[in-house]
Amino acid sequence: MEIPYIVTPRKDTGLFNSKIAIWLFLASEVMLFGGFFSAYVFLRLGADYPWPERTLPVLPGLINTFVLIGSSVTVVFAWASLKMRKWRHFQIYMGITITCALLFMVLKAVEYNVKFHHQAVRLTDYTVVEGHLGYEKENGEYVLDHHGRKIEENMIQIEASGLTFSTVRHHKPWVEELITQAEHRKSEIKLAADVKGRTEEGGRDDVVIAKAGEPLSLALLAKIREAHLDARAHNGALRTAGLRSEWKKAKTENPGKRGWELASAVNVDVKALDEAKKLLTEFSTVSFKVDPPARFDFKPRDVREGATQSRLRDDTVIDGKLLPSPMVFHYVDAIDFRHLAMKAVEKGQDPIDAVENSWLVQNHAFAREAWEWNKAQVAKLEAALLKDYGVDQETGKPKREPTAKERYRIDWKDFVAKSDGVDRGKGAIAVKEEFMGPDYKGREAKETFPEHFSLPREQVRFASKFTPAWNTYYAIYFAITGLHGLHVIGGALVLAYYLFFGRKMYDSNPEWLANRVEVGGLFWHFVDLVWIFVFPIFYLM
Amino acid sequence: MADTPEAIRKSIRTYLLIGGILFAGTIITVMVATVPALDIGHHGFDVWDAILGLAIAATKATLVAAVFMHLNHEKKTVYWIFGSGLFFVFWLFALIGLAKKDPIHDPFFFGSKSTTPAHMTTPTRR
């Protein structure tokens, strides 16, 4: 079958068909990205925390902008080459375009990767600390867990004496993990008491399903779970049947009355059912003891810790003492008091006082030192701005003042400036740092970055890597750039198809291929167009 | 319309020129955002920086759309299709204004004493 209007325009639209199609698609894309950009504006205007403006390293974004603009030019050239019937030129330009797409994605991957390995924590008083977590060490050697992996110094450690599982909700991999952790600590998890009850209607009510002392296993939990589900189904059916007959009775005894008038009088007598030995025993939870009590490590996101009792996300209750489980930063990249200052202003307090009374400044010598240093820098900046721009005649205030970021955020570049006489980094180090963040090893001077920065668990309000979970800025950043990245991949695949499989079409009908490349190019320009907005909005504002 | 090989050969220079302008525009955007001497408005980022940055971005986007995507000499059908997409995006942004101007203050969420949350009454200017 011949496809119509691939080269010649249709009379009514004046265009070949695929061009109409791509513009319809681009119109829908405009609305899709428009939705995300408006979400960005909405999130930014409504943010109840200081928006992290100009927080991303500019250089990778700038290079990516150049790469995309360059590829936009080459894709036009590729199309023009086809129109002029120069196959070799088309190959070269299209090859450059696809190389640019690959380069873009590699840079994007580096950027994402750096964020996913970068830790942030918000303390209870809204101080934010950023950096990299360390691993547990003993006598200079890394401590390995039972999997042979290094242990991140961000684990919740509990000296557990008892575990209570939800028979229906327990997460199997976590149960297995608990078993192996107990083995590793030379402890055993055993059933605390006999699991017994009524398993059939009219039967004895002390039928033992599992004996006290049986070791924890998935098979054991499955057995109890099965008994529980059987009992629940049985009891549910009994209650439903009872309710149905009660309703029938109430309806016949009170003709003409509405359902809602009768509802409060219609009930199932559960107690009577139980006394008649009709109900079976449900086992919604099952308790184990840890013998002897042993230390278990949990990832912070999996557990809600308490002094004597903690709970996993799968409703497993852990009885036992919470051990000191500090969060230890191997290196700190930034100390940010902006959120704390904002909260202080909201409460009508002096933000500087709030910072100076913050837990971090009070308890960490380095933080105190850095804060004092930063205060002096801000004072210098204030004086310089006053000298350069003067005072506003109407308000009597200086025309230009340091920003909140300058006042309250001390980041790694400040740490570098603070440690006087430090190796400021040869060109290569400085460029690498623009992509990967501070190069702790490349900068030789000691005490540039605070090491082994310990934060007690009770001071931690929320911790996360720089993922969408950290705040709405990163959520919308990953949403928009991720979606854009998918478009880059999709566009590159289509253009690569024309490059590698287009020769046959070129030989049979070169104009057809030219039109296809034009349409693919239109999509590619659109991808560039989106990035033209993404770059200033996320990197520079 | 730049469809004949001769016309295309002529427009190659235009494409190069536009590419150059796009590169230059990007450098200007970065410079006004990072070089203190070029900072307009207040010190640091503020509404003027946003307006300037977005104005440059919009100019660049217009150039890409007009020249690379040939919107400067397209058929009416394309304008209608693309325009309708832009129309909806415009109203989507207008909705934000509406949401800011007429917010929902839920006393259950924000507490019965204050109907307006503190951060909404604080002037947003930094």
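In chain B, helix 2 gives way to B:His70, a residue whose phi is positive, near 60°; helices here (H or I, at least four residues) and strands (E, at least two) are DSSP runs, numbered from the N terminus. The model is predicted, so local features need pLDDT of at least 70 and side-chain atom pairs count only at pLDDT 80 or more, while totals for chains, interfaces and linings use all residues. Residues are numbered from 1 along each chain as its sequence is written, chains are lettered from A and ligands numbered from 1 in the order in which they are written, and side-chain values use heavy atoms, with hydrogens and water left out.

Helix 2 of chain B itself has 22 residues and reaches 31 Å from its first C-alpha to its last. This is close to the 32 Å expected at 1.5 Å a residue, where the expected span is 1.5 Å times one less than the number of residues. Among the buried residues of this helix are B:Ala50, B:Gly53, B:Ala57, B:Ala61, B:Val64 and B:Phe68; buried means under 20% relative accessible area, exposed over 50%, and partly exposed in between (1.4 Å probe, protein chains only). An α-helix has 3.6 residues a turn, so residues three or four places apart point the same way. The buried residues of helix 2 of chain B pack against helix 1 of chain B and also against helix 2 (58-83) and helix 17 (510-540) of chain A.

Turning to the whole of chain B, the chain has five helices and zero strands. Of its 126 residues, 32% are buried. Contact means heavy atoms within 4.5 Å, and among the contacts in chain B between residues at least 6 apart in sequence, 43% join residues at least 24 apart.

How do the two chains meet? The contact draws 61 residues from chain A and 55 residues from chain B. The area buried between them is about 5100 Å², and carbon and sulfur atoms give 78% of it; buried area is the accessible area (1.4 Å probe) that two parts lose on being put together, summed over both. On the chain B side, B:His43, B:Phe45 and B:Met69 lose the most area to chain A, together 15% of what that side buries.

The rule finds one salt bridge across this interface, with a salt bridge being a side-chain nitrogen of Lys or Arg within 4 Å of a carboxyl oxygen of Asp or Glu. The side chains of A:Lys19 and B:Glu74 form a salt bridge at 2.7 Å, N to O. Helix 1 (5-34), helix 2 (47-68) and helix 3 (76-101) of chain B each give two or more residues to the side that touches chain A, and helix 1 gives the most, with 14 residues.

Within chain A, A:Asp336 lies in strand 13 (residues 327-336) and counts as buried because its relative accessibility is 6%. Its side chain makes polar contacts with the side chains of A:Arg338 (2.9 Å) and A:Arg409 (2.9 Å). A polar contact is a pair of N or O atoms within 3.5 Å; within protein, one must be able to donate a hydrogen and the other to accept it, and residues adjacent in sequence count only if both atoms are side-chain atoms.
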